[in-house]
Amino acid sequence: FPVTICFYSSKDHYNRFLAKCFVNKTSINEEILKSGMAVIYNFNESEEKMNNLELEAKKQKLGIWRGAFQIPKEYRKSHPRKN
């Protein structure tokens, strides 16, 4: 049976846990970046390996990079909420 384990490192400013998760010895975090199904959340502290995985998916136009896509952080900045 597959073994899933997550290592929680901290919480973000929304009080969500940030973690590195694995199924057996495969990194879920790396797999979703490689397939173009995620973006790096913490732009200041991401590892070089993770940056390269995201860039490669972007170059190959995989997943979200297949068409027009705007990073959520950039979208929120250009479309501020009106209270």
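A residue counts as buried when its relative accessible area is under 20%, as exposed when that area is over 50%, and as partly exposed in between. The structure described here is a predicted model. Cys-21, with a relative accessible area of 16%, is therefore buried. This briefing covers the disulfide, the salt bridges, the aromatic pairs and a nonpolar surface patch.

**Disulfide**

- The structure contains one disulfide, and the residues joined by this bond are Cys-6 and Cys-21, with a distance of 2.1 Å from S to S.
- The link of Cys-6 and Cys-21 is right-handed, with an angle of 115° about the S-S bond.
- Because Cys-6 belongs to strand 1 (residues 4-11) and Cys-21 to strand 2 (residues 17-23), the pair ties together parts that lie 15 residues apart in sequence.
- The two partners fall into separate classes of accessibility: Cys-6 is partly exposed because its relative accessibility is 26%, whereas Cys-21 is buried at 16%.

**Salt bridges**

- Side chains of opposite charge can pair when their charged atoms come close.
- Asp-12 and Arg-16 form a salt bridge through their side chains, at 2.7 Å from N to O.
- In this pair, Asp-12 is buried because its relative accessible area is 11%, while Arg-16, at 42%, is partly exposed.
- Another salt bridge connects the side chains of Glu-30 and Lys-49, with an N to O distance of 3.3 Å.
- Glu-30 is found in helix 1 and Lys-49 in helix 2 (residues 48-59), so this pair ties together parts that are 19 residues apart in sequence.
- Lys-49 has a relative accessibility of 47% and therefore counts as partly exposed.
- The side chains of Glu-31 and Lys-34 also meet in a salt bridge, at 3.1 Å from N to O.
- Both Glu-31 and Lys-34 belong to helix 1, where three residues, or about one turn of the helix, separate them.
- Glu-31 is partly exposed, its relative accessible area being 37%, and Lys-34 is partly exposed as well, at 39%.

**Aromatic pairs**

- Three aromatic pairs are found in a search of the whole structure.
- One of them is the edge-to-face pair of Phe-7 and Phe-22, in which the ring centres are 6.0 Å apart and the planes stand at 70°.
- Since Phe-7 is part of strand 1 and Phe-22 part of strand 2, the pair ties together parts that are 15 residues apart in sequence.
- Phe-7 is partly exposed, with a relative accessible area of 49%, and Phe-22 is partly exposed with 23%.
- Tyr-8 and Phe-17 form a pair with ring centres 5.4 Å apart; because their planes meet at 65° and an angle over 60 degrees counts as edge-to-face, this pair is edge-to-face.
- Tyr-8 and Phe-17 are both exposed.

**Nonpolar surface patch**

- Ile-28, Ile-32 and Met-37 make a nonpolar surface patch of about 260 Å².
- Ile-32 counts as partly exposed because its relative accessibility is 37%.

Technical notes:
Residues are numbered from 1 along each chain as its sequence is written. This is a predicted model: local features need pLDDT of at least 70, side-chain atom pairs count only at pLDDT 80 or more; totals for chains, interfaces and linings use all residues. Side-chain values use heavy atoms; hydrogens and water are left out. Patches are made of residues with over 30% relative accessible area and no salt bridge: like charges are joined within 9 Å, nonpolar side chains (Val, Leu, Ile, Met, Phe, Trp, Tyr) within 5 Å. Accessible areas come from the Shrake-Rupley method with a 1.4 Å probe; for residues, only the protein chains shown count as cover. A salt bridge is a side-chain nitrogen of Lys or Arg within 4 Å of a carboxyl oxygen of Asp or Glu. Buried means under 20% relative accessible area, exposed over 50%, partly exposed in between (1.4 Å probe, protein chains only). A disulfide is a pair of cysteine sulfur atoms within 2.5 Å. Helices (H or I, at least four residues) and strands (E, at least two) are DSSP runs, numbered from the N terminus. Rings of Phe, Tyr and Trp (its six-membered ring) pair if their centres lie within 6.5 Å; planes under 30 degrees apart count as stacked, over 60 as edge-to-face and the rest as tilted.
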